[in-house]
Amino acid sequence: MSRPKVAIYWAASCGGCDTKILDTDEKLLDIAAAVDIVFWPIAMDFKYADLEKFADREIDLTIINGAVRNSEQEHIVKLLRRKSKVVAALGACAVSGGIPGLANQFTADEMLDYIYRKTLTTEPNSQPPKTETETEDGVLTLPKFYNTVFSLPQVIDVEYFIPGCPPPPSLIAKALELFVAGELPPPPAFVVGDKSVCDECPRERTGKFEVKQWKRLATHQPEQSNKCLLEQGFLCLGPATPSGCGALCPKANMPCEGCMGKSQDVVDRGAKFISTIASLYPAKTEEEIKKMLDEIPDLVGTLYRFDLPSSVLRGKVKKS
Amino acid sequence: MKRITIDPVTRLEGHGKIEIFLDENGDVKTAFFQVPELRGFEKFCQGRPVEELARLMPRI
């Protein structure tokens with residue numbers, strides 16, 4: 001019997017998710033022995049032309065990390081969808097847009113204009129790349145840079161979701177082992193813990209508490225104690241974030257930034273967490289509310305760091 | 001004129017594409033390396049709290 005075929009692709013991503021596949025350590029050897037890896041640009045030599053040669057639904061599992069932000073990525077993920085029986089989104093970018101999704105606060109023109117004309121290190125008279133460039137030998141092409149960053153499920157149907165930035169290797173190994181054993185749950189399904197980060201966090205709360213001031217890490221240092229970071233006044237997204245990471249950040253004195261996404265019964269995580277913030281902070285008057293908001297210098301980057309494209313607003317409203 | 005396209009460049013961290021044009025003798029005449037990817041951290045990190053950049057930039 002032939003081994004199941006597995007493809008791994010990265011769209012707009014940093015490579016961290018691929019690294020975490022390798023970080024499954026010795027489990028990767030068992031998985032690699034049980035499947036045939038037929039496409040994995042970061043690790044093995046296959047070309048896009050090889051993908052075209054597969055029959056429809058010939059690939060048993062395709063794992064895609066990264067957001068979709070240009071025409072090439074859209075083309076490849078749609079091609080992979082056609083060639084695959086099952087698609088899994090790996091990491092915050094594919095699941096919900098991720099950090100590159102913060103670009104949804106700007107138009108494509110604003111992005112390109114700054115990056116290729118105005119940064120301090122840009123050569124004078126530089127121009128943004130064009131989708132077609134004539135040379136004396138032939139025309140060079142580049143993908144079209146979209147106005148909006150998309151999460152993977154906004155572009156193609158996705159059966160499984162493994163969130164995290166990066167996703168914990170333990171969850172990747174779990175998903176791959178379930179796949180090899182033919183025991184994946186009915187789709188769509190998230191591979192996460194069934195509690196919140198707080199349930200995995202060793203820090204302690206004293207009970208019901210109020211936050212008098214939201215503290216920035218630039219100006220305040222967490223106490224050398226086991227006290228809950230949220231109770232100390234640091235915006236820790238642990239209560240609103242599914243477990244599965246082992247509370248790595250709070251254990252290292254850093255508030256949870258919410259990379260494991262949201263629980264499935266929540267529509268908009270940022271909006272949901274604003275109600276948490278409001279219930280913890282005793283602001284009643286308009287001035288008190290303004291003071292509280294001033295203490296949070298980047299509300300979008302804090303509450304929508306990993307899911308702006310899949311939030312209700314999706315980003316800045318753009319005309320084109 | 002023969003044209004060789006290597007797409008994608010594999011086994012590296014990042015996205016790349018190479019176009020090579022050969023002359024009549026089969027020698028390389030011109031070659032182009034292209035990066036068909038941009039996320040734009042240069043722009044969307046602007047204005048964010050400085051302490052958060054240490055958590056945003058590792059994802060570049």
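**Exercise 1.** Which pattern does chain B follow, read along the sequence?

*Solution.* This is a predicted model, in which local features need pLDDT of at least 70, side-chain atom pairs count only at pLDDT 80 or more, and totals for chains, interfaces and linings use all residues. Residues are numbered from 1 along each chain as its sequence is written, chains are lettered from A in the order in which they are written, and side-chain values use heavy atoms, without hydrogens and water.

Step 1. Helices (H or I, at least four residues) and strands (E, at least two) are DSSP runs, numbered from the N terminus. Chain B holds 2 helices and 3 strands.

Step 2. Their order along the sequence is β-β-β-α-α.

Step 3. The radius of gyration of chain B, taken over C-alpha atoms, is 18 Å, well over the 10 Å of the globule rule for 60 residues, so chain B is more spread out than a compact globule. That rule is 2.2 Å times the number of residues to the power 0.38. The C-alpha trace spans about 55 × 20 × 10 Å along its principal axes.

**Exercise 2.** Describe the interface of chain A and chain B.

*Solution.* Step 1. With contact defined as heavy atoms within 4.5 Å, 53 residues of chain A touch 39 residues of chain B.

Step 2. The two chains bury about 4,000 Å² between them, 57% of it on carbon and sulfur atoms; buried area is the accessible area (1.4 Å probe) that two parts lose on being put together, summed over both. Cys14(A), Asp137(A) and Leu140(A) supply 15% of the area that chain A buries against chain B, more than any other three residues.

Step 3. There are 8 salt bridges between the chains, each a side-chain nitrogen of Lys or Arg within 4 Å of a carboxyl oxygen of Asp or Glu. One of them joins Arg59(B) and Glu257(A) at 3.0 Å, N to O.

Step 4. Elements of chain A that each supply at least two residues of the side touching chain B include β4 (68–70) and α6 (108–118). The largest share, 6 residues, comes from α6(A).

**Exercise 3.** Is Ala247(A) buried or exposed?

*Solution.* Step 1. Ala247(A) is located in the loop between α8 (197–200) and α9 (248–251) of chain A. Its phi is near 55 degrees, a positive value in a residue other than glycine.

Step 2. Buried means under 20% relative accessible area, exposed over 50%, and partly exposed in between (1.4 Å probe, protein chains only).

Step 3. Ala247(A) counts as buried because its relative accessibility is 0%.
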